[in-house]
Structures are given as C-alpha cells and as structure tokens.
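Please read them with the structure open.

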Amino acid sequence: MPKNKSWVWVVLIVLVVGGLFAWQRLSDPNRAAVAAWNDAGVACLDESQRLQTHIHPVLTITVDGAREPLPSNAGVVRSCTAELHTHETDGTIHLESTISSRTFTLGQFLAVYGKPFERAGYQASMTVDGVSSEEGATLILKDKQQIVVTYTAAATTPIETTNGE
C-alpha cells in the first residue's frame, strides 16, 4: 500500500506544477495582443537564439497636423517581446529577428501598435525618405528609413437638400 500512496503523491505534484505553468499562460492579460501579433506574422523573440537581423526604421505619424507619438515599449509585454517593437516614443522601430532574410512591413508594425494604416474619416499620405509613396501598409521596412504618415480629415461632401419647391 505505501507504494501506491507514493505514486498518487507524484501524480498530484506533477498536476499542481503543470497547472501553475498553464495558469501563468492562461491568465496573461496580454495573451490576445500576442495572438494578434502572431496573426500578423510577428513572433515573439526567442532570447536564447542569436539575432541575425536588427534594423531601425523611424516612423513619424501626424493626424491633422499634430504629431501622434508612438508609445514606448509597443510590442513589449510580460510574456513576449515582438520582433517589431519600440523602446522610446521617438518613432524608432526595432526590427529584430533570428532569421537573417526576414522582412517586415509597415502594416505588421501597425498591427503590433494596434492601429490600422487606413483610419476611418481620414485620408492617408506617406513619404519614405522624403519621397512620396503609395505603398502604405505593404511598405517593406529597411534600416534608417524615414517614414512619415500624414492623416488629414477626409473632406465631406455637403448633402444637397430640397426645400420642397
């Protein structure tokens, strides 16, 4: 009988320890954000592997003439540092990957940031290194690239009404 009790304790301890690890993952408040990043093709960095790609494009966003600063640590949460992330509010995007040929788009960064390229009620225009670009969210990010996205309120067309005459 003592052998049987030992086996039960071992199973119980394994279940408790396994449950603690599962609880940490399931209770992570950032789980949905990390899933959205993964859906956009952006993975969490594996810190045990050596980085093969590390570049820094710079993104400036203005909305109706006012600068919209990127948040510090966009793409950084308790359980994950995304391959695309920020550290400061200066617009520098850190693109890091363990795959040397890995490329990312502006749209993928915006998915990490949590905002789409197209915004309701606004017209977007973009320059890359001072030259007008129509690439939008499909722009491939490159080192030292200067990306400026400008949003202006879309012009509204007045509705014609008749006064009944």
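1. How many aromatic pairs does the count come to? The count comes to two. The cut-off for stacking is under 30 degrees. Please keep in mind throughout that this is a predicted model.

2. F109 and Y113 both belong to helix α3 (residues 106–113), where they are four residues apart and thus separated by about one helical turn. F109 is buried, its relative accessible area being 0%. Y113 is buried as well, with a value of 13%. The other pair is F117 with Y151, whose ring centres lie 6.3 Å apart with the planes at 55°, so it is classed as tilted.

3. F117 has a relative accessible area of 11% and is buried. Y151 counts as buried because its relative accessibility is 2%, and the limit for that class is under 20%.

4. Y151 has a further contact to note. R119 lies over the face of the Y151 ring, 4.4 Å from the ring centre.

5. Five of the six residues of β2 are buried, which leaves the strand mostly covered. Towards β10, β2 runs parallel and is joined by six bridges; I61 has V149 of β10 as its bridge partner.

6. Towards β3, β2 runs antiparallel, with two bridges between them. V63 stands opposite A66 of β3, and T62 has R67 of β3 as its bridge partner. The hairpin of β2 and β3 has two residues between the strands, and D64 there takes a positive phi near 50°.

7. Which residues of strand β7 (residues 94–97) are buried on each side? H94 and E96 are buried on one side, and L95 and S97 on the other, so both faces of β7 are covered.

8. The bridges of β7 are as follows. Strand β1 (residues 53–55) runs antiparallel to β7 and is joined to it by three bridges, with H54 having E96 as its bridge partner. Strand β6 (residues 84–85) is also antiparallel to β7, with two bridges; here L84 stands opposite L95.

9. Last, the surface. W7, V8 and V11 make a nonpolar patch of about 300 Å². W7 lies in helix α1 (residues 2–26). Is W7 buried or exposed? At 58% relative accessibility W7 counts as exposed, since the class begins at over 50%.

Definitions and conventions. Residues are numbered from 1 along each chain as its sequence is written. This is a predicted model: local features need pLDDT of at least 70, side-chain atom pairs count only at pLDDT 80 or more; totals for chains, interfaces and linings use all residues. Side-chain values use heavy atoms; hydrogens and water are left out. Patches are made of residues with over 30% relative accessible area and no salt bridge: like charges are joined within 9 Å, nonpolar side chains (Val, Leu, Ile, Met, Phe, Trp, Tyr) within 5 Å. Accessible areas come from the Shrake-Rupley method with a 1.4 Å probe; for residues, only the protein chains shown count as cover. A salt bridge is a side-chain nitrogen of Lys or Arg within 4 Å of a carboxyl oxygen of Asp or Glu. Buried means under 20% relative accessible area, exposed over 50%, partly exposed in between (1.4 Å probe, protein chains only). Rings of Phe, Tyr and Trp (its six-membered ring) pair if their centres lie within 6.5 Å; planes under 30 degrees apart count as stacked, over 60 as edge-to-face and the rest as tilted. A charge sits over a ring if NZ of Lys or CZ of Arg is within 6 Å of the ring centre and within 35 degrees of the ring normal. Two strands pair if DSSP finds at least two bridges between them.
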